[in-house]
Amino acid sequence: MQFTSFMDVALDEARAAGQAGEVPVGAVVVKDGVIVGRGRNATRTGCDPSAHAEIMAIRAACAALGQERLPNCDLYVTLEPCAMCAGAIAHARIARLYFGAADPKSGGVTVGARVFEQSQSHHAPEVYDGINAAAAASLLQDFFARKRG
């Protein structure tokens, strides 16, 4: 089976989040080459601090598949997941995590909490970072430059 990246779709979700005034982060869950869940940051518009892109995509995928776990699913997200999202990824049993930009300030996978490396983490997905990292980082940098400017 040939590898197909779905990061462009996650980037589209991130752009939509940014247009809505949210931090531009997007995510998609893929099973057998088909997108089963999409998400984008919605913490401000939803008045929900847990409404990160990853959580929204996981919720949508679980609802679409009618199950609480997502084995054999891949998650594409434009920014390194925070500790909360990494915990949800572990609980959902996501098989593979692909992320774009690193998050040295709030990341929970390769920096900070490193959730998947903790003995309390019941599952650790395969992790692939740097996928379309420049495009993902650019969205974030442009968003925050506009906020400051």
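User: How many of the six residues of strand 4 are buried?

Analyst: This is a predicted model, in which local features need pLDDT of at least 70 and side-chain atom pairs count only at pLDDT 80 or more, while totals for chains, interfaces and linings use all residues. Residues are numbered from 1 along each chain as its sequence is written, and side-chain values use heavy atoms, with hydrogens and water left out. Strands (E, at least two residues) and helices (H or I, at least four) are DSSP runs numbered from the N terminus, and buried means under 20% relative accessible area, exposed over 50% and partly exposed in between, with a 1.4 Å probe and protein chains only. Strand 4 is largely enclosed by the rest of the structure, because the number of its six residues that are buried is five.

User: In which sense do strand 3 and strand 4 pair?

Analyst: Two strands pair if DSSP finds at least two bridges between them, and strand 3 and strand 4 are joined over five bridges. Between them the chain passes through helix 3 (residues 83-92), in a β-α-β crossover that is right-handed, a term that applies if, with the strands pointing away from the viewer, the path from the first strand over the helix to the second runs clockwise. The sense in which strand 3 and strand 4 pair is parallel.

User: Which residue forms a stacked aromatic pair with Tyr76?

Analyst: Rings of Phe, Tyr and Trp (its six-membered ring) pair if their centres lie within 6.5 Å, and planes under 30 degrees apart count as stacked, over 60 as edge-to-face and the rest as tilted. The ring partner of Tyr76 lies 4.5 Å away centre to centre, with 10° between the planes. Tyr76 lies in strand 3 (residues 73-79) and its partner in strand 4 (residues 96-101), so the pair ties together parts that are 22 residues apart in sequence. That partner, which is buried as Tyr76 is, is Tyr98.

User: Which residue is the bridge partner of Tyr98 in strand 5?

Analyst: Strand 4 and strand 5 (residues 126-129) run parallel and are joined by four bridges. Ring pairs also link Tyr98 into a cluster with Phe6, Tyr76 and Tyr128. The bridge partner of Tyr98 in strand 5 is Tyr128.

User: How far from Asp103 is the nearest side chain of opposite charge?

Analyst: Asp103 is in the loop between strand 4 and strand 5, where it is buried yet has no salt bridge, meaning a side-chain nitrogen of Lys or Arg within 4 Å of a carboxyl oxygen of Asp or Glu. Lys and Arg count as positive and Asp and Glu as negative, while His and the chain ends are not counted. The nearest side chain of opposite charge belongs to Lys105, at a distance of 7.6 Å.
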